[in-house]
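Here are a few exercises to work through with the model open beside you. Try each one yourself before you read its solution.

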Amino acid sequence: MLVLGIESSCDDTAAAVLDGETVRTNIISSQHDLHDEYGGVVPELASRDHQRLIVPVVQKALSEAGVSAQDLDAIAVTRGPGLPGSLLVGLSFAKAFARGLDVPLIGVNHLEGHLYSVDVEPPAPPRPYLCLVVSGGHTELVHVDVGFRHSVLGRTRDDAAGEAFDKIAQLFGLGYPGGPVIDRHAENGDPAFHDFPRTQLDDFDFSFSGLKTSVLYYLRDRSDAEREQLLNDHRDDLCASVQAAIVDVLVDAVRRGAQETDAEHVAVVGGVAANRALRRRVMAAGDEEGFDVHVPELSYCMDNAAMIAKAGALRLAAGDQSPGTLDVEPSLSL
Ligand code: KG4
Ligand code: ZN
């Protein structure tokens, strides 16, 4: 069974070929350089770049997998959530391609793709498992059960965790995307240098906008010279302190969620799962609480099409298929 996966929900144009349990190719063309000077994704530029890249990226995924389009058994594509113009490029292409090849089309919820990114590389974690989805666009804590049954324990009420990394890195003058840069500086910094706020809501919801505002005020309350000196002398410490504030909140939610759901397995997925402090801390929580931790390989954590192909293949195996009239759903949730 050969499934072509296509992902274009934000600023990565991606295509992958899944051959049964094996990922033959997982091609990602990132637009980070395009959006760097704006400090975030510019929707209009993103969709135009998807238009430029979609055909070459799909061609590359097929040719490096050594398959021709006629060999494909199905096409899975992200239908939402995401930027409307970006989603439209991938979905329109996939619809036309599936129609032309006369193969089934499966529209995939991007978040379901992240949930099942732990299944891409066998062995898949047994169900049920608790899944923390942390990316630039999403922060959700989800209980995942058999039969595509998910219940969302909590989600962010404002900024996503990755967005907080990105916006705070911007305040520090560290460029976009900010998560990897903060992670790198934080490795040499003191997390106790400054006590930034940890917003703890009553339930499992998250809020990171208070942290962002607190960093803004912390920098704004100084003269230009003082601020420059602080950022020069203590960049690593500030990054470590911000990172600790974000990671504390995430790990605390995972710990409470695992207790509440009696989880034996916990997965951390999405771009922020690359964060080394987060990985270490979730592993340590697992040792203490007695749950196993599953983190996909980095290329399956970031936005990618292998996870879309995987979720699509699982859906198809369960008898699901989308109509040819499938439309984008930019505000789709789990
Ligand atoms: O999953 P992803 O590639 O795209 C979205 O769906 O958003 O996630 C990208 C996000 C960005 O916000 C980026 O700053 C963050 O993941 N990120 C990290 C790290 N690597 C990527 N955040 C913290 N630490 C990292 N090492
Ligand atoms: Zn994503």
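**Exercise 1.** Where does arginine 222 lie? Describe its setting.

*Solution.* Step one: arginine 222 is found in the loop between H7 and H8; helices (H or I, at least four residues) and strands (E, at least two) are DSSP runs, numbered from the N terminus. Step two: its relative accessible area is 28%, so arginine 222 is partly exposed (buried means under 20% relative accessible area, exposed over 50%, partly exposed in between, with a 1.4 Å probe and protein chains only). Step three: leaving out residues up to four places away in sequence, arginine 222 touches Arg227 and Leu230, where contact means heavy atoms within 4.5 Å.

Before you go on, a word on conventions. This is a predicted model, in which local features need pLDDT of at least 70 and side-chain atom pairs count only at pLDDT 80 or more, while totals for chains, interfaces and linings use all residues. Residues are numbered from 1 along each chain as its sequence is written, chains are lettered from A and ligands numbered from 1 in the order in which they are written, and side-chain values use heavy atoms, with hydrogens and water left out.

**Exercise 2.** Find the protein donors of the zinc ion (ligand 2) and describe their arrangement.

*Solution.* Step one: the protein donors are His110 (NE2), His114 (NE2) and Asp303 (OD), lying 2.1 Å from the zinc ion. Donors are N, O and S atoms within 2.8 Å of the metal (3.2 Å for Na, K and Ca); water is not among the atoms, so sites may look incomplete. Step two: along the chain, the donors follow the spacing H-x3-H-x188-D. Step three: the four donor atoms around the zinc ion subtend angles of 84 to 135°, and therefore the arrangement is irregular. For comparison, four donors count as tetrahedral if all angles lie between 85 and 135 degrees; four count as square planar and six as octahedral if opposite donors are over 155 degrees apart and all others between 65 and 115; anything else is irregular.

**Exercise 3.** How are histidine 110 and histidine 114 placed in helix H4, and is histidine 114 buried or exposed?

*Solution.* Step one: the two histidines are separated by about one helical turn, because they sit four residues apart in helix H4 (residues 110-115). Step two: recall that an α-helix has 3.6 residues a turn, so residues three or four places apart point the same way. Step three: histidine 114 is buried, at a relative accessible area of 0%, and histidine 110 is buried too, at 3%.

**Exercise 4.** Trace how strand S2 pairs with S1 and with S3.

*Solution.* Step one: S1 (residues 2-7) runs antiparallel to S2, joined by six bridges; two strands pair if DSSP finds at least two bridges between them. Isoleucine 6 stands opposite alanine 15 in S2, and four residues separate S1 and S2 in their hairpin. Step two: eight bridges join S2 to the antiparallel strand S3 (residues 22-30), with alanine 16 opposite asparagine 26. This hairpin has two residues between its strands, and glycine 20 in the turn has a positive phi of about 65°. Step three: strand S2 (residues 12-19) is mostly covered, with seven of its eight residues buried.

**Exercise 5.** Which residues of helix H5 are buried, and what covers them?

*Solution.* Step one: the buried residues of H5 (residues 161-171) are Ala161, Gly162, Ala164, Phe165, Asp166, Ile168 and Ala169. Step two: their cover includes strands S6 (129-134) and S7 (139-145), together with helices H6 (178-186), H7 (209-220) and H8 (224-261). Step three: just after H5, glycine 173 takes a positive phi of about 70°.
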